[in-house]
Amino acid sequence: MKLSTRLALTVGGGVPVLIVACGWLLLSLITDDLRQQQDAQLQARATVVAKNTKNYLDAAGTGQPVVEQVRRQRLIKSASGMGVWVTGPTGTLRSGPQLPSAQLPYSAPKPLKVTVEGRDWLVLSLPVAIDRQRDRPNLWLFSPDTVEEELALVRRRVYVGAAVALPTAGAAAWAIANRAVLPLRRLQRRTSGLDPRTSSSRLEHRPTRIAEVDDLALTLQTVLSRYDEQVARTGEALATARSFAAAASHELRSPLTSIRANLDVLAGPFELEPAERAEVLAELVAEQERLVGLLSMLRTLAQGDLVEAEAFESLDLGELVQDCVDGLRRAHPGTEVSVRAASGLIADGWAEGLRSAVDNLLTNARVHGRVGERAATIVVTLRQSDRPGERTAVLTVDDDGPGVPPERREKIFERFWHGPDSPGSGLGLTLVAQQITLHQGQVSMSDRPDGQRGTRCEVRLPLTGVREFEHTLPLLRRDWLSGAAEASGINPGRG
C-alpha cells in the first residue's frame, strides 16, 4: 500500500472519529448548560408566579370578587406556557397544560424531571402560605422538558458533519499526501536504477528542504559510499592474498630446493665427514631461518596493507624503541647498541607495525653495518623535532658500515630488491616504508652527518593530536605487497 493511501485512510478515518469525540464533549457541555439555563428560567418564573399566587390567595374568600378575579388573571398570565396547580382554602386552581395529580411529587424544591406517557416534564413545588406557619407546598409548576429535543438536533448535526468529513478529509489527505511524497518518489526513481554490482554511477540528490527526504538521500549516499569502500577493501584483500601466494611460491622455491638438496646429501649412501656434515646442517638451519623470516615479512606486509583504523592506539615511542633495542641485544649479544630515547613522546599508531618497522631498521643496520668480521656499532636516538611549530618525533639509526652508494638508493624500497651480497629477503625496508607511510610519517637514508663512515636512517612520525588517522587511513596507499613499491614522500635508501 502506498504511503499516500495510508495517510489518506488514516486522516479520512481519524477526522470523523475526532469530530464525533469533540461533538460528544461539546454535547455534554451543552447539555449541562441547557439544563442549568432551563432550571434557572423555571426558578425565576416560579418566583414571580409564587408572588402572584400569594396575592391571589390573600384575596380569595374575602368577598371581593373583582379583586380576586383580577389577581387570578394576573397569576394565570405570569404562568403563561406553563402548567400551574394551586391549592387554597377556596379550592384548587389549575391553568395551562396539566399532569395527573398522581404524578405530581409532594416536594420538589428544585426542578425535578418527571416522565408521563413518554414525555419529560420539569416540576417545581413551593409552599405559598396565607400565614407564615404553613410550610406545606401548595403551588406546583411544570413545563415540558425541551432540552432533549435541542440535544437531538445537535447530535444529528455532529453525525452529519462526521459523515461529510469522512470522504472530504480522505480526498484532501490523499491529495496533500501525494504532493508531500512527490520528492520521495523522485528519490525512489533515482535510486531504483542504481546497482552497485553493475554500475559505478551513484545517487545525485538536490536538497528538497524536506528534512526526511534529504536525510534519507544522505543515508543512501553514505551506504553506497561504504559499499564502495568495502568493495575496494575486498579487492585489496584479494589482491594481497593472491600476491602473498604468488610471492611465497616464488620466493620459497629456492630455499626449499636447497633444503631438499641438503637433505638428499645427508640421506645419501656416502658417509660424510664431521666437518662436511656440520656445514650441511648449518646450511639447513640458515635456509630454515630464511624461510621463517620470509614468511614473517610477507605476513606483516599483508597485515599492513589490510590494517584498519581500529587497530591504532596511543603508544609511547620511547618505550617501543627501548623494547626493540633490548630485543636486538638479546638476539645478538655481540652487537654494540647505544640508545638515547626521550620520554613522553606519544603517537597514534599500530603497535605491531611500528615495532616491526623499528626491528627491521635495527636489523638492517646490524647486517649492513658490519665490516669484515667486526660486529656493527649502532647508535639509536629518539627526540622531538626542533623545527618551530612542529610536533614530530624524530628517530635516527646510525651505523659505521661501508654505507650505501647513491645510485642504489632509488631501488632500495622495491619489493624483493636487494644487493648481490645481501643475505636478506629484500622485504625489510619495504616493510619499513609501508609502516612509516601508514603512520603518515617520512623515512630517509643518507650518509652520517658527523662525517664518519656509515649510514643514517631517519624516521619522522607525527605525535598525538597532529592528524586524524581514522579519517585518512582509507586514502593511504595499501598495495605494498600487491603493487610496485613506489612510496610517495619517501626518500629511498638501502635494504
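Modeller: Let us start with the term itself: a residue is called buried when its relative accessible area is under 20%, exposed when that area is over 50%, and partly exposed in between. Please keep in mind throughout that we are looking at a predicted model.

Biologist: Which residues of α10 are buried?

Modeller: In α10 the buried residues are Gly428, Leu429, Thr430, Leu431, Val432, Ala433, Gln434, Gln435, Ile436, Thr437 and Leu438. Because 11 of the 11 residues of α10 are buried, this helix is largely enclosed by the rest of the structure. Helix α10, which spans residues 428-438, lies across β11 and β12, and runs at about 135 degrees to β11. After α10 comes glutamine 440, whose phi is positive, near 60 degrees.

Biologist: In what order do the strands of the sheet with β11 and β12 stand?

Modeller: That open sheet has 5 strands in the order β7-β9-β10-β12-β11, and their pairing is mixed. The edges are taken by β7 (336-341) and β11 (442-447), each of which has a single partner strand, so one side of each is left without a neighbour in the sheet. On average, and with direction ignored, neighbouring strands here are turned by 15 degrees against each other. Helix α9 (residues 351-368) also packs on this sheet, where it touches β9 (377-384), β10 (392-398), β11 and β12, and its direction makes about 30 degrees with that of β10.

Biologist: How many bridges join β11 to strand β12?

Modeller: There are 6 bridges between β11 and β12 (residues 455-462), and the two strands run antiparallel. As one case to look up in the model, methionine 445 stands opposite cysteine 457 in β12.

Biologist: What is the pairing in the open sheet that contains β1 and β2?

Modeller: In that sheet the pairing is antiparallel, with 5 strands in the order β2-β1-β5-β4-β3. Its edge strands, β2 (91-95) and β3 (112-116), each pair on one side only, and the twist averages 20 degrees from one strand to the next. Strand β1 (residues 83-88) is paired with β2 over 5 bridges, and tryptophan 85 stands opposite arginine 94 in β2.

Key
Residues numbered from 1 in each chain as written. Predicted model: local features only at pLDDT ≥ 70, side-chain atom pairs only at ≥ 80, totals over all residues. Heavy atoms only, no water. Pairing = 2+ DSSP bridges. Helix = DSSP H or I, 4+ residues; strand = E, 2+ residues; numbered from the N terminus. Axes fitted to C-alpha atoms, helices over the stretch in contact; angles between N-to-C directions. Contact = heavy atoms within 4.5 Å. Buried < 20%, exposed > 50% of the residue type's maximum accessible area, 1.4 Å probe, protein only.
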